[in-house]
Amino acid sequence: MTDFHALIDSYHGCACGQEHECAIQEIAIGSGLVHETGEILRRNGFGPRLLLAADEQTLAAADGILPALRGFTVRQHIWPSLRVSTMQNVETLERELAGVDGVLAVGTGSVHDPCRLACARRGKKLCLFATAPSMDGFASYSAPIVNGNFKITYPAKCPEVIIGDTKILADAPAALKSAGFGDMMAKYVALIDWQVSNLLTGESYCARVAELTRTAADRIFAMADRVTQRDEKTAAAIFEALLLTGIAMSFTKTSRPGSGTEHILAHFWECMELLDGKTPNYHGVDVGVATLMILQYYEKLAQLRQVTARPEVCNWNEIYSIYGELAPDVRRLNTPDTITDGLDPRKIETCWPEIRRIVQAAPSYDAVLAAMRAAGCILTPEEAGLDPALVTIGFRFHPYMRRRLSLKRVSHMLELPAELF
């Protein structure tokens, strides 16, 4: 097992000049830990008044957790089912935190994220108990929350404690494991976008943190054919890799090491489906599908030996019409200027050989496709049940819902062959 404390300590005084911090006190991974949850909380300084947050499915998956909390006064907040984390969820939890010392969040992202933000706002201790290896944000300082149907990633709380019972993780539904694999394959796109932005704009970047994410993604990539097996050793290895990318994000206090334009595209689809009253897919499903689309596009870009760039021309009336009710949120992100306004087209042309090398250093589209197929992932928008028109519109217009430079956004400044659109 990875010595997480030694790993975190090794990043102090990094040569990049950034201070890499991670507030986690303990990461506990092992078989049967559900029955030791109370003791783990006590030794990490959790007070006697505890709020347990879960939904009915995740609480059932963590069978035995309530008896393990003997000695605590436990208040429960149990959602019937929680697939989408909203600001209403956060505000509800905030009201319940007045009389407790800490929170035990039982589940994965949709349960953990509102707890992460509510605890950050109210200064409460937080333990994340994982019920599936389905996402990589366990150790991060951010929480993606839907606010008025617009998905925003908020600065939030890194938990003091993370618990992964390998028996529970191994028994998680195969669909959740595959979704987690798809989320991890997104790291290859995220690292491309981060490096490209650093190259073109000087955005803060740390090669050691990027390498931590790449190592974690490569580990899971190599386990593609074992992802859905009900095997505790495999579950532990996958969970550790997921934690490594979360720690990488905690080091930068941003989602940059683990989230690129593929996540923004998935968020676009999810927001638009919410506007239509539809429940989105598991986030990892949409992210996996988006990752394949973006990797294929980036490979085509990298085949161009040289490019001609020009200032980005945005038809804001068209962009805002696409976003409809979400247009005010998009306008705020692109006013008074947009992310490409200070980007010199000549620099893109000069840096293009290096951009090609960055893309070509990632696993190929074909390799990632084969790995995702082996991991039981949903591979295409059709398999994911996404509306074809939404997929087309999203591919073109998604970059405007985040103030973050990506290679996809840079490509809007290039004179490209028609077949790339």
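Which residues does Glu-160 touch, not counting residues up to four places away in sequence? The legends below take up this question and others for a predicted model.

**Figure 1. The surroundings of Glu-160 in the predicted model.** Glu-160 is placed in the loop that lies between strand E7 (150-155) and strand E8 (161-165). Not counting residues up to four places away in sequence, Glu-160 touches Ala-23, Ile-24, Gln-25, Glu-26, Phe-46, Lys-125 and Leu-126. The side chain of Glu-160 also makes a polar contact of 2.8 Å with the side chain of Lys-157. Glu-160 counts as buried because its relative accessibility is 11%, and buried means under 20%.

**Figure 2. The open sheet of 6 strands.** The strands are arranged in the order E1-E8-E5-E4-E2-E3, and their pairing is parallel. Strand E1 (26-30) and strand E3 (73-79) form the edges, each pairing on one side only. From one strand to the next, the twist averages 15 degrees.

**Figure 3. The pairing of strand E4 with strand E5.** Strand E4 (residues 102-107) and strand E5 (residues 125-130) run parallel and are joined by 6 bridges. Within this pairing, Val-103 stands opposite Leu-126 in E5. Leu-126 is also one of the residues that Glu-160 touches.

**Figure 4. Helices H4 and H5 across the strands.** Helix H4 (residues 87-96) lies across strand E2 (49-55) and E3, and runs at about 165 degrees to E3. Helix H5 (residues 109-122) lies across E2, E3, E4 and E5, and its direction is at about 165 degrees to E4.

**Figure 5. The cysteines Cys-119, Cys-115 and Cys-351.** A disulfide is a covalent bond between the sulfur atoms of two cysteines. A search of the whole structure finds 0 disulfides. The cysteine sulfur closest to that of Cys-119 belongs to Cys-115, and because the distance is 6.2 Å, the two are too far apart for a bond. Cys-119 has 1% relative accessibility and therefore counts as buried. Cys-351, at 13% relative accessibility, likewise counts as buried.

Figure 6. Of the 421 residues in the chain, 61% are buried. Among contacts with a separation of 6 or more, 80% involve residues 24 or more positions apart.

How values were computed
Residues are numbered from 1 along each chain as its sequence is written. This is a predicted model: local features need pLDDT of at least 70, side-chain atom pairs count only at pLDDT 80 or more; totals for chains, interfaces and linings use all residues. Side-chain values use heavy atoms; hydrogens and water are left out. Two strands pair if DSSP finds at least two bridges between them. Helices (H or I, at least four residues) and strands (E, at least two) are DSSP runs, numbered from the N terminus. Axes are lines fitted to C-alpha atoms, for helices over the stretch in contact, and angles run from 0 to 180 degrees between N-to-C directions. Contact means heavy atoms within 4.5 Å. A disulfide is a pair of cysteine sulfur atoms within 2.5 Å. Buried means under 20% relative accessible area, exposed over 50%, partly exposed in between (1.4 Å probe, protein chains only). A polar contact is a pair of N or O atoms within 3.5 Å; within protein, one must be able to donate a hydrogen and the other to accept it, and residues adjacent in sequence count only if both atoms are side-chain atoms.
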